[in-house]
Amino acid sequence: MNDLRSLTIEELETFIKELGEPKYRAHQVFSWIHKGAHFDEMLNLPKTLRSKLAEVSHIGRLEILNVQESKTDGTKKFLFGLEDGDAVEAVFMKYKYGNSICISSQAGCRMGCKFCASTRNGLSRNLTAGEMLSQVLEAISETGEPIGHIVVMGTGEPFDNYENLSKFLKLVHCEEGLNISNRNITVSTCGIVPKIYEFSKDHPKVNLAISLHAATDEKRSAMMPINNKYPIEEIMKAVKHYTEESGRRITFEYTMVSGVNDGDDDLALLKTLLKGKLCHVNLIPLNKVEGTGFDPASRKRAEEFCAQLENSGIPATVRRELGSDIDAACGQLRLKSKAR
Ligand code: SAH
């Protein structure tokens, strides 16, 4: 049955027309859905239409299986149950500039990054656009707070689920829905090069973050197998294309692993690679995932890296650690739930 949360306004118009109803009803239904309403709450629709909709379609829901709330900063980590029994995570965060949510794009992941918990059991399946949207809607409803920023940085590789991601980006940007500005949305990729080109064409106003984590192919391939397919040079070409198309600065994420990518030589290579590029480096001390054999670099080391990059004219920040008193590393909650 049609999940109405996955439909664009145009698709909803077609669907409503097929039911013999006027076009404006589609707009009413769309705006209700994006307010998180059930059919019986759509009060400006005739009761007959509400029951007809309930008969021939449904509004996808996520079940809240678990919420962990940080005592220190209001971060909330959700474990959502999907309708087929799988589970995904999302994290609600409070910043000075407003509330933000980090959502998952897949149940599991097949990219195989060595330090990451999300990829441990491989990929279960892609999430639909509606399931990505639902993470935002359920978090708004559970917290009772508005959300103005979205980062697609939870479990999964968004560019390995490009069609659904693209639809989701259109849905949340829609004026009659959440109306979230493209500049407040960031998509993070491990570097699937052909999709960076597509994204530059389809969503030039949306921010792009690249998980770099190392400045040489040898090192990067050892941490991230996808680098064997799309090496650093190809990523850099694609990134140049994105910055030219969008005029936007790109973010490079650099997760700092002790003794692996946090040496002075690593820093020197990183500076050479990024010098003069329209970019920003986000340094993230690794979240330790048991069994990976990787340990975090110290916050002090991350701050040293940051200062040295800045000295070379490369803008950098050390990511603020939110929710450090709850399971912060992405994929950990889901892994635990799978152990049930
Ligand atoms: N697949 C996408 C988005 C999801 S991962 C990507 O690779 O960008 C979001 C970010 O968290 C990525 O930069 C990823 O490399 C990083 N990450 C994964 N596991 C981590 C861990 N244990 N500690 C710190 N960062 C981690």
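Ala, Val, Leu, Ile, Met, Phe, Trp, Tyr, Cys and Pro count here as nonpolar, Asp, Glu, Lys and Arg as charged, and the others, Gly among them, as polar. On that basis, the shell around the ligand has 8 polar, 7 nonpolar and 2 charged residues. The structure is a predicted model.

**Ligand surroundings**
- There are 17 residues around the ligand.
- Glu157, Ser188, Ser211, His213 and Asn287 come nearest.
- Two strands, E10 (185-189) and E12 (250-256), each supply at least two residues of the shell.

- The side chain of His213 places an N or O atom 2.6 Å from an oxygen atom of the ligand.
- For Glu253, an N or O atom of the side chain is 3.1 Å from a ligand oxygen.
- Thr189 uses its backbone: a polar atom there is 3.4 Å from an oxygen atom of the ligand.
- On its own the ligand has 530 Å² of accessible area, and the protein covers 94% of that.

**Helices H6 and H9**
- Helix H6 spans residues 193-202, and helix H9 spans residues 232-246.
- Their axes are 9 Å apart, at an angle of about 5°.
- Angles under 35 degrees count as roughly parallel, so H6 and H9 are roughly parallel to each other.
- H6 makes the contact through Val193, Ile196, Tyr197, Phe199 and Ser200.
- H9 contributes Glu234, Ile235, Lys237, Ala238, His241, Tyr242 and Glu245.
- By class, this contact has 7 nonpolar, 2 polar and 3 charged residues.

Technical notes: Residues are numbered from 1 along each chain as its sequence is written. This is a predicted model: local features need pLDDT of at least 70, side-chain atom pairs count only at pLDDT 80 or more; totals for chains, interfaces and linings use all residues. Side-chain values use heavy atoms; hydrogens and water are left out. Axes are lines fitted to C-alpha atoms, for helices over the stretch in contact, and angles run from 0 to 180 degrees between N-to-C directions. Helices (H or I, at least four residues) and strands (E, at least two) are DSSP runs, numbered from the N terminus. Angles under 35 degrees count as roughly parallel, over 145 as roughly antiparallel, 65 to 115 as roughly perpendicular and the rest as oblique. Contact means heavy atoms within 4.5 Å. A residue is near a molecule or strand if one of its heavy atoms lies within 4 Å of it. A polar contact is a pair of N or O atoms within 3.5 Å; within protein, one must be able to donate a hydrogen and the other to accept it, and residues adjacent in sequence count only if both atoms are side-chain atoms. Accessible areas come from the Shrake-Rupley method with a 1.4 Å probe; for residues, only the protein chains shown count as cover.
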